[in-house]
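Here is a short report on one protein model. Begin with the core, then step back to the overall fold.

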Amino acid sequence: MSNQLQPRPVKFSATTITELMLPSYANFGGKIHGGYLLSMMDKVAYACSSKHSGAYCVTVSVNAVDFLLPVEVGDLVSMLASVNYVGNTSMVVGIKVIAENVKTGEVKHTNTSYFTMVAKDENGNTVKVPPLLLESSIEVRRFVESIKRKALKEKITKTMNEEKITFDLKKELHHLKGQRCILSDNIS
């Protein structure tokens, strides 16, 4: 086995990016714009996955970004990233976002997300990534959760693709009862 593909522990590539939230990052409601936080998450996922793989990495999927709490101007935001799972050429990077009020010391967990990254060579071809050395029960749990999350995503994708093919308007109208929509007379 070459040195490049020797197993690497989670701690080898664990990455934290911390930044003070400025007024220019705020949305019209005065809170930090979600798009800015997503950009920071993408950066930390890139750094973490590139450290693990030793290659340029691209984002291929983002799993459920739920903003649990708002981030305020003046908060010190940290993105804590670690490789949770590796496939042949892909990695799942788990990202925990925390915001600290620097005046009061209050720390809040604002969201967690999972970015799937793929390693590429200088010609844009995918490259094999090193295995992940799991050193704790938490790391094993995260690896297994990633396997299960991947299987659920595949199942949902398959189900929704079948729905598109077999969709029958008349049979599906019952789903709209009680929903906030009105059907146009032009729907056929």
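This is a predicted model. Its largest nonpolar core has 33 residues. Among these, Met21, Val77, Met79, Val93 and Ile95 touch the most other members. Helix H2 and strands E4, E5 and E6 each give two or more residues to this core. In soluble globular proteins, nonpolar side chains tend to be buried together.

Take Met21. Not counting residues up to four places away in sequence, Met21 touches Ile32, Tyr36, Leu37 and Met40, among others. Its partners also include Val71, Glu72, Val73, Gly74, Asp75 and Val77.

The core elements with their residue ranges:

| Element | Residues |
|---|---|
| Helix H2 | 34-53 |
| Strand E4 | 75-86 |
| Strand E5 | 90-101 |
| Strand E6 | 107-120 |

Helix H2 has 20 residues. From first C-alpha to last, H2 reaches 28 Å, close to the 28 Å expected at 1.5 Å a residue. Buried residues in H2 include Leu37, Met40, Met41, Val44, Ala45 and Cys48. Ser49, Ser50, His52 and Ser53 of H2 are buried too. Just after H2, Gly54 takes a positive phi of about 70 degrees.

Now the whole chain. The protein has four helices and seven strands. Along the sequence they follow the pattern β-α-β-α-β-β-β-β-β-α-α. The radius of gyration is 21 Å, well over the 16 Å that the globule rule gives for 188 residues, so the protein is more spread out than a compact globule. The C-alpha trace spans about 65 × 50 × 35 Å along its principal axes.

Of the 188 residues, 30% count as buried. The protein exposes about 11,900 Å², and carbon and sulfur atoms supply 56% of that area.

Key:
Residues numbered from 1 in each chain as written. Predicted model: local features only at pLDDT ≥ 70, side-chain atom pairs only at ≥ 80, totals over all residues. Heavy atoms only, no water. Expected span 1.5 Å × (residues − 1). Buried < 20%, exposed > 50% of the residue type's maximum accessible area, 1.4 Å probe, protein only. Core = buried A, V, L, I, M, F, W, Y, C linked by side-chain atoms within 4.5 Å. Contact = heavy atoms within 4.5 Å. Rg over C-alpha atoms; globule rule 2.2 N^0.38 Å. Areas by Shrake-Rupley, 256 points an atom, 1.4 Å probe, with all protein chains shown as cover.
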